[in-house]
Amino acid sequence: MTESLLLSAPARPSGPPGPDGRVLPLRRPGRWAAGFVVLVLVSQAAHGLITNPFYQWARFAYWFARPVVLDGLLITLQVTAYSAVLGLAGGVLLALCRLSGSPVLRSVSWTYVWLFRSVPLIVVLLFLYNLGALYPTLGIGIPFGPAFLTFDESRLATDIVVAVAGLSLCEAAYAAEVVRAGVLSVDQGQHEAAAALGLPRRYRFARIVFPQALRSIVPSYVNQLIGLLKATSLVFYVSLLDLFGTVQNLAGTYPGDVVPLLLVATVWYVVLTSLVSVAQFYVERYYARGALRTVAPTPLQRARAGLRDLRIRFRKETAR
Amino acid sequence: MTTTGIAAAARPPAVEVHGVHKWFGGRRVLDGVSLTVAPGTVTVILGRSGSGKSTLLRVLNHLEKPEAGHVSIGGEPIGVRRQGNRLRELRESAILAQRSRIGFVFQNFNLFPHLTLLDNVAAAPVATGRLSRQQAQTLARELLTRVGLGDRTGAYPRQLSGGQQQRVAIARALALRPGVILFDEPTSALDPELVGEVLSVIRDLATGGTTLVIVTHEIGFAREVADEIVFLHEGRIVEQGPPARVLDRPEHPRTREFLSRVL
Amino acid sequence: MATPSDVSDVPATPAAPAGSPPKRPGPPGAPGADAPPVVPRRHVGRLLSAAAALLVLAMVLVSVVRNEAFQWEVVGQYFTTSAVLDGLLLTLWLTGAVMVLGFLLGTLLAVMRLSANPVLRTLSWGYVWIFRSTPLLVQLLFWFNIGALYPTLALGLPYGPRLFTVQTVNLLGPTLTAVIGLTLHESAYAAEVVRGGILSVDPGQTEAAQALGLSRSRTLRRIVVPQAMRSIVPTAGNMLIGTLKGTSIVSVLAVHDLLYSVQLVYNQNYRVIPLLMVATLWYIAVTTVLSAGQYHVERYYARGTSRGLPPTPLQRLRVRLTGLRARLHAVTAPGGR
């Protein structure tokens with residue numbers, strides 16, 4: 001049986017393969033052709049991007065680092081940072097409620113997440129913006145009783161507060177799901193082992209479960225952060241001049257510069273999200289410790305290894 | 001119910017199981033199991049897979065809550081306290097304190113992957129407030145040396161072989177200085193050539209006089225270390241006695257069937 | 001604070017289905033006097049926190065219902081007016097179109113990204129990077145202004161003569177701009193979802209198929225894609241909800257979607273809050289229907305992965321009710337607490 005299988009195997013190499021023992025790789029003309037066509041199209045697009053006068057690259061350079069644009073950028077970063085922290089805090093709280101034994105806390109948390117994942121951010125922001133009409137004063141006091149301290153809503157709710165509140169409320173709903181999924185992703189055996197050792201509840205969560213959950217929470221949350229960064233562009237609806245709002249405003253004043261101004265915003269957003277992505281890579285690497293036997297090389301290490309290989313190949317080629 | 005000789009002494013039995021029933025959904029897993037384990041003895045629980053062995057072991061330290069009946073360890077009821085003629089469920093912190101006096105070794109080790117071996121072993125004594133950080137680490141080093149891993153204290157669990165991980169898990173259970181240690185198929189997840197190193201650690205514990213309850217499929221090992229063999233079938237104890245009798249002259253047809261299959 | 005890690009609270013085994021364990025088993029051989037019933041512990045902290053949560057909820061509800069600014073009668077009045085319904089229809093239509101087109105383009109991008117050709121791979125990566133890096137709002141405005149950039153679109157040879165030209169200004173109305181802008185943005189995300197799904201399939205499956213002599217494309221179609229669907233479908237469901245909400249952005253292009261229709265109304269009558277409420281309720285209604293659909297689709301695709309399917313909420317509710325009734329019986333029966 002085995003013999004016949006071996007005999008029917010396709011032409012076994014007889015004798016030494018080639019003159020120098022090298023196997024020539026299969027040529028793939030289709031791959032080259034596809035690559036070529038795509039390269040031509042890309043070069044055409046790039047050519048258009050650079051030479052088309054409508055892009056007004058000079059105006060782009062003029063606007064790119066104007067103080068007014070940088071102020072907008074600062075607002076974007078501020079709003080993102082505040083909402084990220086507040087959203088995460090709210091998300092952890094909601095996730096804990098959702099995972100708790102109490103049916104009431106569980107349903108409250110579920111309802112919150114359902115509500116805020118169902119409504120577009122713009123609508124939430126518009127609601128909050130018009131909140132002054134709904135609740136002219138906010139008070140602290142006994143529930144259903146008299147209020148001790150009252151705030152005038154219109155004074156309290158500056159544009160940035162409305163923006164951060166809206167973003168944080170929505171972000172908390174998403175963060176809750178991220179945290180919950182992370183906690184659930186921790187192997188049940190870990191809960192059991194910790195319980196079998198008699199570790200106290202708080203210790204178990206803080207030292208055993210949560211650090212392991214972070215491994216899946218952090219990458220998802222950083223992804224979430226990129227979304228948040230982009231979502232801040234919506235705050236111009238509540239008349240806060242972030243990066244996008246500023247650009248939009250300037251475009252109103254200088255209608256001829258609409259396109260270069262949009263490009264300014266685009267490039268800044270690309271830069272910011274790319275920075276977050278780079279951070280994400282290193283953070284993920286950090287949390288992989290203990291979970292993998294070896295960690296993946298950084299791009300820098302990979303580039304260095306690639307160069308070395310190339311050099312060796314080059315030397316071999318030229319030596320012949 | 002048979003008990004081995006030493007139990008007649010004044011010391012309370014190490015483990016007592018009183019009429020434990022347990023359901024999973026509509027399925028009855030334990031059906032009125034009662035069992036007594038004398039201090040300083042080794043009890044091996046045998047049975048086909050699905051016979052309720054692991055569940056029984058997990059009931060012993062209250063990882064599974066029995067629907068009826070209860071368990072005492074060292075004379076103290078686990079997970080409940082007596083009030084008149086009723087049993088009242090304990091608060092979680094009290095149950096945790098009880099568990100920290102019972103060692104448990106899992107089939108899949110369940111070491112904490114994000115902690116070093118040293119921290120894995122030292123975590124529980126520190127967290128339960130029994131030892132200072134310093135003392136716990138000294139103890140952990142000592143225990144890791146005892147299981148043959150004294151030179152790997154800084155490594156992470158995933159960097160070890162299965163056999164090494166299971167030895168760390170045993171050291172972790174020992175760190176609480178438990179009165180009884182429960183083993184849930186400690187060698188089932190291991191490659192055959194790694195089984196020996198784990199069994200030899202357990203053998204050392206057995207000869208050292210620690211009370212052990214072991215669920216295992218290693219019949220040869222059971223014959224060697226056990227003082228008492230318990231055979232479980234469909235959630236009931238059908239046969240019980242010293243290995244020489246249960247393994248060589250089984251009385252119950254189910255036991256005979258099982259042994260003829262595995263031997 | 002409630003933490004999730006109490007093993008005896010969260011058993012590894014699934015919740016008992018209806019009609020399972022009788023609280024007091026008929027004890028065959030169970031020592032009656034020796035096995036008294038166990039009185040479950042009471043969760044004081046849990047009760048307190050639940051009471052606090054309920055109180056806050058009640059306050060919110062009362063303030064929403066009683067606050068005159070909400071003008072619930074206005075909400076009712078506008079909820080089903082034709083302007084709002086037309087807007088809703090456009091929102092739904094836009095969502096569907098963008099989802100389908102986005103996933104078609106996204107699949108193409110994913111295949112490019114996974115191909116062996118470095119040019120295609122880099123190109124796909126670059127596309128995804130750019131379109132995921134910029135806010136949708138910026139992209140939409142960009143496409144809206146494309147008329148200014150390229151007043152005419154020409155079809156011809158690269159760097160060669162043009163065969164025919166089209167006026168973009170006439171070509172791209174706001175609605176079409178919205179579809180294009182949303183689709184391009186969506187496809188970048190869809191590409192990642194499809195790629196993730198394909199990568200999630202155990203490489204052993206591909207190897208097994210190749211060992212059986214299946215061709216590359218056959219392996220992809222018959223072996224990999226069906227298994228990848230298991231991870232693609234739930235994510236796609238999430239994306240569908242995201243897209244539905246994302247379409248609210250097109251109001252900036254004056255496309256008459258749900259939000260913009262509502263805005264048009266309240267710009268005339270200044271009843272901002274009730275009209276926003278109309279939009280909110282519609283968005284909640286649609287996403288809830290979509291989530292319910294997603295839940296059942298996920299259940300369908302989970303088959304073959306876990307042994308038993310988790311019970312649906314309806315089944316769980318029924319079990320809960322049975323349990324509650326049994327407990328009530330136990331408490332009210334003499335000799336209870």
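A residue is counted as buried if 20 or more other C-beta atoms lie within 10 Å of its own. By this criterion Phe109 of chain B is buried, because 25 C-beta neighbours fall inside 10 Å. The model examined here is predicted. Phe109(B) is located in the loop that connects strand E8 (102-105) with helix H3 (117-127) of chain B. Its phi is positive, at about 65 degrees, although Phe109(B) is not a glycine. Most residues other than glycine have a negative phi.

E5(B) is joined in the antiparallel sense to strand E4 (residues 68-73) of chain B by 2 bridges. Within this part of the sheet, Ile73(B) is placed opposite Glu76(B) of E5(B).

Another open sheet includes strands from chains B and C. It contains 3 strands in the order E6(B)-E7(B)-E1(C), and the pairing is mixed. The edge positions are held by strand E6 (80-83) of chain B and strand E1 (38-39) of chain C; each has a single partner strand, so one side of each is without a neighbour in the sheet. Strand E7 (residues 86-89) of chain B runs parallel to E1(C), and 2 bridges join them. Arg88(B) has Val39(C) as its bridge partner in E1(C).

Chain A contains 14 helices and 2 strands. It has 320 residues, of which 34% count as buried. Among its contacts between residues at least 6 apart in sequence, 70% join residues that are at least 24 apart. An unreviewed UniProt entry places the feature "transmembrane region" at residues 32-55, 75-97, 109-128 and 261-283 of chain A. In the model, residues 75-97 of chain A are 100% helix and 0% strand, with 32 Å between the end C-alpha atoms. Residues 109-128 of chain A are 90% helix and 0% strand, and their end C-alpha atoms lie 21 Å apart.

For chain C, the UniProt record, also an unreviewed entry, gives the feature "transmembrane region" at residues 47-67, 87-111, 123-144, 164-185, 239-260 and 272-293. In the span 123-144 of chain C, 91% of the chain is helix and 0% is strand, and the end C-alpha atoms are separated by 24 Å. Residues 239-260 of chain C are 50% helix and 0% strand, with their end C-alpha atoms 22 Å apart.

Chains A and C meet through 56 residues of chain A and 51 residues of chain C. Several helices of chain A each supply at least two residues to its side of this contact, among them H2 (29-51), H4 (67-99), H5 (103-118), H11 (201-231) and H13 (258-287). H13(A) provides the largest share, with 9 residues. By class, the side of chain A that touches chain C comprises 36 nonpolar, 14 polar and 6 charged residues.

One helix pair between these chains can be described in detail. H5(A) packs with helix H1 (residues 44-66) of chain C at an angle of about 40 degrees, and the axes are 8 Å apart. The crossing of H5(A) and H1(C) is left-handed. On the H5(A) side, Val104(A), Leu105(A) and Val108(A) meet Ser49(C), Ala50(C), Ala53(C), Leu54(C) and Leu57(C) of H1(C). The residues of this contact of H5(A) with H1(C) comprise 7 nonpolar, 1 polar and no charged.

Notes
Residues are numbered from 1 along each chain as its sequence is written. Chains are lettered from A and ligands numbered from 1 in the order in which they are written. This is a predicted model: local features need pLDDT of at least 70, side-chain atom pairs count only at pLDDT 80 or more; totals for chains, interfaces and linings use all residues. Two strands pair if DSSP finds at least two bridges between them. Helices (H or I, at least four residues) and strands (E, at least two) are DSSP runs, numbered from the N terminus. UniProt positions are given in the numbering used here, feature names are shortened, and annotations may be inferred rather than shown by experiment. Two residues are in contact if their C-beta atoms, placed from the backbone, lie within 7 Å. Ala, Val, Leu, Ile, Met, Phe, Trp, Tyr, Cys and Pro count as nonpolar, Asp, Glu, Lys and Arg as charged, and the others, Gly among them, as polar. A residue is buried if 20 or more other C-beta atoms lie within 10 Å of its own, exposed if 12 or fewer, and partly exposed in between; C-beta atoms are placed from the backbone. Axes are lines fitted to C-alpha atoms, for helices over the stretch in contact, and angles run from 0 to 180 degrees between N-to-C directions. A crossing is left-handed if the near helix is turned anticlockwise from the far one by less than a right angle, and right-handed if clockwise.
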